[in-house]
Every structure is written in structure tokens, then in C-alpha cells.
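Try each task before you read its solution.

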Amino acid sequence: MRQTLPFPLSKEQSFYEALSDWVGDVFYDILPEKGFDLRDEQVFMAFQLNQAYKQNQVIFAEAGVGTGKTLVYLLYALSYARYTGKPAIISCADETLIEQIVKEGGDVDKLQEALGLDIDVRLAKSRDQYLCIKKLEDNLSAHDEYERIWGDLPSFVHESGSMSGFYPYGDRKEYAELSDEEWEPIAWDPLQDCMACPKRHRCGLTLHREHYRQAKDLIICSHDFYMEHIWTKDSRKREGQLPLLPEASSVVFDEGHLLEYASQKAMTYRMTKETIEHLLERLSASDLREETLYLIEEILADNDRWFELLEEESNKVAGSDRHYVSRAPHILTHAKGLASRIEGLLNELVFESEMYVVEEYLLKVVEEYLEQIHYSLKLYVEDDKGIYWLESTDKEETFVVMPRLVEEILKEHVFSQNIPFIFSSATLSYHGDFSYVSSSLGIASYESFSVESPYEYDEVMSVSLPHVQRSESYGYIDSRLIDHGGRSLVLFNSKEEMEAFRGHMNERNVPFDVIYEGDREISDTVKRFQEDESSVLCSYHLWEGLDIPGSSLSQVVIHSLPFPPKDPVFDAKRKHSGNAEADVDIPYMLLRLRQGIGRLIRTEGDRGSIHILLNESDRAFQKEVQAILPVGIESIEA
């Protein structure tokens with residue numbers, strides 16, 4: 001049943017005229033009466049969005065911190081969803097920002113209370129945010145907590161009978177006490193044979209998916225999940241499955257400057273030695289022809305040698321988990337040979353399918369995975385079309401390939417839809433130019449505007465750029481935290497930097513808790529930091545999306561300038577740029593730095609300081625850094 005519009009619509013008015021009048025009443029009358037500040041920047045943004053919705057346009061809405069941009073796009077997305085009878089999709093930077101929007105006292109709550117609305121909003125999290133019952137059962141003996149989780153599962157998981165009493169469960173958030181490393185062994189992953197799982201219809205992931213599909217107003221997801229939906233939509237339809245997300249009335253990309261990388265991630269192919277072995281060994285157990293079995297044996301031997309070569313010839317990159325992969329002639333030759341044999345096996349499986357000796361779903365899974373591997377190897381051999389690297393852990397090696405360019409794919413599969421697309425962020429342009437973001441996403445036609453933050457930063461924020469040697473940086477941060485009594489966010493450029501700082505702090509006895517990203521579920525981590533006013537949060541991901549008003553976050557310390565890593569992904573960008581530093585490194589660093597600075601002042605009552613450490617190499621970019629600061633530098637400490 002379609003939800004009613006939040007405003008009256010007469011026969012004499014178009015929907016867009018009535019929407020414009022209502023939004024004007026909301027911002028000029030209703031919200032101020034409820035204690036909200038009237039902000040010119042917010043009103044300006046609202047009427048720009050009205051045209052974008054009316055014309056089904058792409059619009060880049062760059063609005064500074066404190067403009068209330070989330071309230072604006074929620075009003076339009078909600079109204080248009082109810083007008084069209086299709087939910088709007090709000091795509092956020094990551095799972096943390098999803099929770100920020102719907103948390104108690106968050107923007108959705110504020111709108112419901114101020115306008116007397118009942119908003120049907122549901123979360124569509126990435127699939128690895130849900131528990132896999134099969135993996136949990138297989139790993140029960142590995143951890144005491146797994147036994148407890150198994151025992152606390154809803155009774156219907158283990159019982160047969162009516163599905164009328166089923167309800168969603170198994171969200172990562174429900175197991176906040178687990179670290180990321182403890183969660184991974186029991187979380188869903190792409191290699192699970194879900195179609196053949198006897199618990200499929202009682203699975204938490206399945207039940208959550210059925211739940212969010214019924215949303216009338218808003219579905220909130222991450223960029224990664226939205227792009228996975230786009231990338232898998234056609235293949236899921238071919239297999240008789242529903243797409244991950246329903247058809248949308250409009251799409252809002254909050255922190256939209258991060259969409260390009262999410263697009264590349266969604267289109268990434270991952271190849272592991274163990275997965276190929278597992279699938280081909282399962283296939284070999286079928287009653288296959290002799291020539292097919294011989295070919296499988298050859299591929300398994302080639303696969304072993306392929307990963308040996310990758311490990312021998314790869315080079316680790318500091319600050320990144322991506323290892324460079326050599327293109328030595330003998331490796332290229334081996335890749336071509338492996339690709340040729342896989343192509344031969346795919347041809348043989350056509351004959352096998354006609355003999356009905358292989359279980360249909362297994363055959364489909366094997367064929368799909370082999371096609372991905374074949375395509376990955378082709379991208380690697382052809383070099384210029386793909387970006388490739390090796391990820392190495394104690395458990396396994398993974399060969400990863402992603403397309404270098406995503407513009408054409410996005411143009412065809414996303415922006416060809418005749419619906420409004422809203423990009424919202426405080427950092428969409430580089431010196432007022434939106435082409436850095438628009439060109440990377442294949443968007444040729446768009447509207448754009450920029451509005452500054454309404455805050456008087458000179459009165460509420462101080463900034464220092466201390467010159468600190470790399471070897472002394474952790475000691476400097478340590479002293480800043482003690483002087484400030486905790487109450488700080490410390491941002492790092494990589495997990496390795498953060499872990500090194502953890503090692504330093506483990507030797508110290510400080511009068512406040514230091515919380516580290518990854519030790520618990522992320523939204524629980526943020527909540528702990530907000531509630532423990534003297535604590536310190538250390539993170540390498542929360543440059544965007546973190547919204548902690550008040551004294552809990554009154555100091556931001558940035559360990560080093562957030563340049564993109566020297567790894568295969570960004571090196572591909574550099575390689576195809578006329579001036580890598582000016583076109584890739586500096587714009588990325590400044591956009592991310594602006595986001596990090598934006599974590600400090602979230603409301604008019606906030607006060608605090610920013611400390612951006614400049615090491616030996618970072619000092620060369622001090623002029624560029626100063627140019628984007630919202631206030632002048634208070635001090636440069638040598």
C-alpha cells in the first residue's frame with residue numbers, strides 16, 4: 001500500500017509545486033518552531049534539489065558541515081518515494097554512516113518527531129555483515145563465543161515448521177563484542193553455496209533481505225552494496241533470483257565522492273588457490289568424461305604453480321595490503337596457458353551439462369567462477385585494461401583484478417536510468433571544479449552548486465601544523481592526548497600506522513581509554529567513544545561519516561597527510577595521468593583532509609582544535625594544506 005504524501009496536493013497544483021511550497025513551510029516555519037535554526041544555505045540547497053527531482057537530473061550538491069544537507073535530501077527522497085510508490089535508496093560511504101542516519105536522535109528521528117511523520121526506513125547492509133549459519137556450525141570449536149552465538153540463535157533456525165514466526169536476525173551489530181578478525185570466520189562470504197543450503201529460508205541474510213525489500217519509503221545501504229547490486233543485477237535475473245535491491249524512485253549518494261572506488265570494488269574479481277581446488281574437486285566427484293577429468297588435473301597443477309609464481313614475484317607495499325605482481329615473461333606465459341586450459345574446460349562443461357551427470361547448481365557455480373578467473377587472467381595479460389595485485393595473509397593468497405576504468409559501466413548501468421541522482425558531500429569539488437569526480441564516474445551532464453558551512457570557524461576552531469619527525473610522531477600524539485585529557489579522534493592513513501601507535505600506547509599508562517577501530521563492531525565502537533567522554537578513538541577509515549557532537553570529540557589529530565597509497569590501484573591512475581601528483585595525489589589528499597577536519601565541528605555549540613602533523617616529506621605540501629583550511633594556522637611547531 002502506497003504511503004500518503006506528507007503534504008496536501010490539490011488538482012490545481014503539480015506535485016513539484018506542492019513539494020516546493022511544503023519544503024518552504026518546513027524550513028521557514030515548522031522546523032524553527034521546533035527549535036531548529038533557519039539556515040539560508042539549507043533553503044538554497046532545498047530549492048536546487050527541487051529542480052533536480054523535477055528534471056530527473058544528476059546533481060552535485062556540495063554543502064559544508066552544518067548546512068543540514070541530510071535533512072534536505074531526506075525530505076525530497078521521502079516525498080518522491082511516496083509520490084512514485086517506489087522507495088528511495090540512500091547510499092552511504094560505509095556501514096558506519098548507515099547507522100549514523102538511523103540512530104536514536106539521528107536525522108530520520110528528528111524529521112519524524114518534528115513533522116509528525118512515520119517513516120518506513122530499513123537498512124540493506126553488505127552481505128558480509130550477516131551471520132552464516134553453516135560457517136558458524138563448522139567453526140563452533142574455534143571460539144567460546146561461537147558456542148554462545150549458536151545457542152542464542154532463534155529456535156526456528158533448528159526447527160522445521162511454519163515460517164510465520166520468522167524474523168530477521170544475524171546482523172553483525174548483534175555481535176558487537178567480536179573483533180573483525182573474530183567475525184570473519186562466521187560471516188557470509190561469496191563462496192558459500194547458498195542455493196543448496198538447507199537453512200537457506202531460515203538464514204538471517206535471507207530474512208533481512210526480505211525485510212528491507214518491503215520498505216515503502218527509504219532503503220539505506222553502503223556504496224559497496226549499491227554497486228554490488230548494479231553489477232549482479234542481470235546475472236541474478238538470469239538465474240531466477242531477485243536483484244539485491246528493488247527498483248528505486250531516486251538515489252542519493254551521501255559522501256558521493258567515494259563512489260568511484262566502490263564501483264571498482266564491486267567489479268573486482270578474486271581468485272584463490274583453495275577455491276579453485278575446492279570447486280574442481282567437487283566437480284571431479286561427478287561422473288565426468290575421462291578427457292574432462294584429465295583437463296581438471298592439468299588446471300589444478302597449473303593453479304598450484306600460478307600461485308607459487310605470484311608469491312615468488314610479488315612485492316609488498318608499505319601501508320597497503322596489496323602486493324605488486326610482476327609481469328615477467330615467464331609469468332605472462334603461465335597465465336596465458338592457465339587461461340587457455342580454463343577456456344577448454346568451459347567448453348567441455350557444455351558437453352557435460354547435456355549428459356546430466358553434474359548437479360545443476362554446482363555446474364552453474366563452477367562455470368561462473370571459471371568465467372571470472374578466465375576474464376581476470378585476460379585483464380592481467382592485456383595489462384592496460386586491468387589493475388591487479390596479490391593479497392597475502394597467513395591463511396591464503398588471493399589474486400585480485402579490477403577494471404581500470406568504470407566510467408562506461410556506470411554510464412550504461414547506473415546513470416542511464418531516468419531518475420534523480422543526488423550526490424551530497426562537503427567535498428565534491430577541487431577548487432570549485434566538479435570534473436575530478438564527474439569524469440571518473442562517466443557523468444557528462446549534471447547540475448552542481450556549492451554552499452559554505454554556516455559556522456564561524458574562526459571563533460570555534462584552532463589549527464596547528466606541527467613539524468614532527470616520523471620517528472617522533474607517536475610521542476607527539478601521546479602528549480597531545482594527555483594534555484587534552486583524551487576526548488580526541490586520531491586519524492591514520494593505514495591500519496599499519498594505527499597498529500604501530502597501539503604498540504606505543506601499550507607501553508604507556510594514560511588516564512583514559514583508547515579505543516581502536518576493528519576491535520569491536522564499528523557502530524558499537526563509535527557509540528562507546530561517544531558515551532565515554534574522556535576516551536580516544538583511533539581509526540583509519542572514519543575520515544568520513546563520523547558525527548560526534550559535543551565534548552567527546554573536541555580534538556582531531558591527523559598523523560600524516562592522507563595521500564593515496566603507492567599501490568597498484570592508485571599507480572594505475574598515476575600511470576594514465578599527465579601529472580600524477582597534481583591530478584591524482586594532491587586532489588585525493590586534500591579531499592580526504594577536508595573530510596577529516598570536518599569531524600570536529602558538528603554543531604554550533606562545538607569547540608575544538610585540529611593538529612595536522614607534517615613529517616619530513618609532508619612539509620612540501622604545507623601551502624596546499626593551508627589553502628583548504630577553514631581558519632588560519634594558530635601555530636607551526638618545529
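**Exercise 1.** Find how many residue pairs are in polar contact across the interface of domain 1 and domain 2, then describe that interface.

*Solution.* Step 1: the rule finds 0 residue pairs in polar contact there, with both residues required to be at pLDDT 80 or more. (A polar contact is a pair of N or O atoms within 3.5 Å; within protein, one must be able to donate a hydrogen and the other to accept it, and residues adjacent in sequence count only if both atoms are side-chain atoms.)

Step 1: on the side of domain 1 that touches domain 2, the residues are 4 nonpolar, no polar and 1 charged. (Ala, Val, Leu, Ile, Met, Phe, Trp, Tyr, Cys and Pro count as nonpolar, Asp, Glu, Lys and Arg as charged, and the others, Gly among them, as polar.)

A word on the source: this is a predicted model, where local features need pLDDT of at least 70, side-chain atom pairs count only at pLDDT 80 or more, and totals for chains, interfaces and linings use all residues. Residues are numbered from 1 along each chain as its sequence is written, and side-chain values use heavy atoms, leaving out hydrogens and water.

**Exercise 2.** Work out which strands stand at the edges of the open 5-stranded sheet.

*Solution.* Step 1: the order is E6-E10-E9-E8-E7, with antiparallel pairing. (Strands are DSSP runs of E, at least two residues, numbered from the N terminus; two pair if DSSP finds at least two bridges between them.)

Step 1: E6 (269–272) and E7 (314–315) each have a single partner strand, so one side of each lacks a neighbour in the sheet.

Step 2: inside the order, E8 (residues 322–325) pairs with E9 (residues 386–392) over 2 bridges, in the antiparallel sense. His-323 has Leu-390 in E9 as its bridge partner.

Notes
Helices (H or I, at least four residues) and strands (E, at least two) are DSSP runs, numbered from the N terminus.
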